[in-house]
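Student: Please take me through a structure, one feature at a time. I would like the general idea before each case.

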Amino acid sequence: MLVEFSVENYRSFKERQTLSMVASNKKTGRNSNSFPMPNVKSLRLLTSAVVYGPNASGKSNLVRAMQTMRQIVLESATGMQLGSRWNIEPFRLNVDCQQKPSCFEIIFIQDNIRYQYGFSLDQELVYEEWLIAYPKGRAQTWFERNYRSEEQEYDWYFGRGLKGEKERIKGFVRSNSLFLSHAAQNNHPQLGKIFIWFSSKLKLIPSKFQGYSNFTALKFDRYTNYSDNFLKLIKGNDFGISNGIQRLFEIGGYWINALDNGEILIIDELDRSLHSEISTYLIKEFNNQTANQNNAQLIVTTHDTTFLDRDIVNQDQIWFTEKDSNNSTHLYSLLDFKIREDESLQKGYLKGRYGAVPFVSGLDS
């Protein structure tokens with residue numbers, strides 16, 4: 001379960017920006033489209049979120065930031081050697097940012113325990129790495145490392161809550177790799193579970209993808225009930241639309257898997273080659289408690305304003321990206337605006353009431 005994701009000084013993100021999946025306490029729609037956060041009775045997590053914004057506003061960079069964090073976690077122990085460089089791009093339009101590391105932090109829940117994990121790094125060096133766990137609702141710092149540039153070495157801290165081997169694993173950590181990744185490679189019982197969350201629970205489909213249909217095809221081959229599930233997905237709500245079936249086949253396996261296994265599915269440009277009615281049906285599946293019994297979550301970027309409907313998503317599920325005068329991306333929620341209960345969200349967005357206007361000025365002339 002994803003609680004929130006934050007990124008700073010990465011591509012078009014200069015300042016720290018946060019996407020939160022915590023549901024609002026306000027009455028923002030007809031249905032809650034959320035589920036209780038484990039061990040925190042007062043909070044609920046959203047089943048889906050939709051991110052809008054004009055082209056080049058940073059929507060895809062948000063997905064790329066999540067994908068980059070996942071890739072670094074999965075590959076830093078085995079896929080990188082000392083001296084290798086990460087494909088990290090800090091904010092380009094500021095000289096100071098070019099000299100600073102990029103920062104990624106994620107809060108998630110695995111096995112009913114909330115974790116807060118993050119790191120800062122540039123192409124060659126990890127500057128910070130930290131993990132805070134909440135096994136009993138109270139924060140426990142399990143480990144932390146900070147780079148001292150003058151001495152060219154790290155200060156390390158291990159909390160009492162982190163059991164098992166630590167010092168031996170620390171010896172494997174390189175300046176461009178993560179302690180979490182090496183711990184998982186060495187079968188650390190606690191940290192291995194966190195690594196597995198990144199590999200098996202966090203799934204991303206970028207806008208430019210290849211070979212994703214192979215995943216669905218393999219599911220057909222291995223599981224006899226998969227064809228029935230996919231046909232049900234295609235038939236949907238009897239919308240009877242044939243265009244976009246190839247695109248649906250490419251992502252359909254991930255969709256079914258996410259709902260079956262309670263995964264977080266993140267898709268960039270959901271509306272690409274996919275009809276609005278199909279996309280709407282798929283979003284509704286995540287918001288439907290009967291279809292989504294394992295608390296799966298969906299995050300999509302899109303231009304399709306069809307989803308700006310209170311029967312599909314609530315106010316707290318709608319996010320926007322917009323660039324400021326410095327060409328830096330700002331990520332903000334529709335909750336930042338006072339919305340009348342009878343106000344059309346789609347019309348409000350298209351008229352520019354919430355910013356992140358999807359059109360270029362002057363086209364009407």
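The dialogue below covers the sheet, the core and the aromatic pairs.

Student: What kind of model is this, and how are its residues numbered?

Tutor: This is a predicted model, where local features need pLDDT of at least 70, side-chain atom pairs count only at pLDDT 80 or more, and totals for chains, interfaces and linings use all residues. Residues are numbered from 1 along each chain as its sequence is written, and side-chain values use heavy atoms, with hydrogens and water left out.

Student: How many helices and strands does the chain have?

Tutor: Helices (H or I, at least four residues) and strands (E, at least two) are DSSP runs, numbered from the N terminus. The chain has 10 helices and 15 strands.

Student: What is the strand order in the open sheet of 6 strands?

Tutor: Two strands pair if DSSP finds at least two bridges between them. Here the order is E11-E12-E13-E5-E14-E15, with mixed pairing. Strand E11 (202-205) and strand E15 (329-333) are at the edges with a single partner strand each, so one side of each has no neighbour in the sheet. Inside the sheet, strand E5 (residues 48-52) pairs with strand E13 (residues 297-301) in the parallel sense over 4 bridges; Val50 has Val300 in E13 as its bridge partner.

Student: Which residues have the most contacts inside the largest nonpolar core?

Tutor: A nonpolar core is a set of buried (under 20% relative accessible area, 1.4 Å probe, protein chains only) Ala, Val, Leu, Ile, Met, Phe, Trp, Tyr and Cys residues joined through side-chain atoms within 4.5 Å. The largest has 57 residues, and Phe104, Tyr117, Leu191 and Phe198 have the most contacts inside it. Helix H1 (residues 59-75) gives the largest share, 7 residues. A second, separate core has 34 residues, including Leu248 and Phe320.

Student: How many aromatic pairs are found in the whole structure?

Tutor: A pair of aromatic rings is described by the distance of the centres and the angle of the planes. Rings of Phe, Tyr and Trp (its six-membered ring) pair if their centres lie within 6.5 Å; planes under 30 degrees apart count as stacked, over 60 as edge-to-face and the rest as tilted. The search finds 24 pairs. Tyr52 and Tyr349 have ring centres 5.4 Å apart and planes at 50°, so this pair is tilted. Tyr52 is in strand E5 and Tyr349 in helix H10 (residues 345-350), 297 residues apart.

Student: Why is the pair of Phe108 and Phe198 edge-to-face?

Tutor: Their planes are at 75°, with ring centres 5.8 Å apart, so the pair is edge-to-face. Phe108 is buried at 0% relative accessibility, and Phe198 is likewise buried at 0%.

Conventions: Buried < 20%, exposed > 50% of the residue type's maximum accessible area, 1.4 Å probe, protein only.
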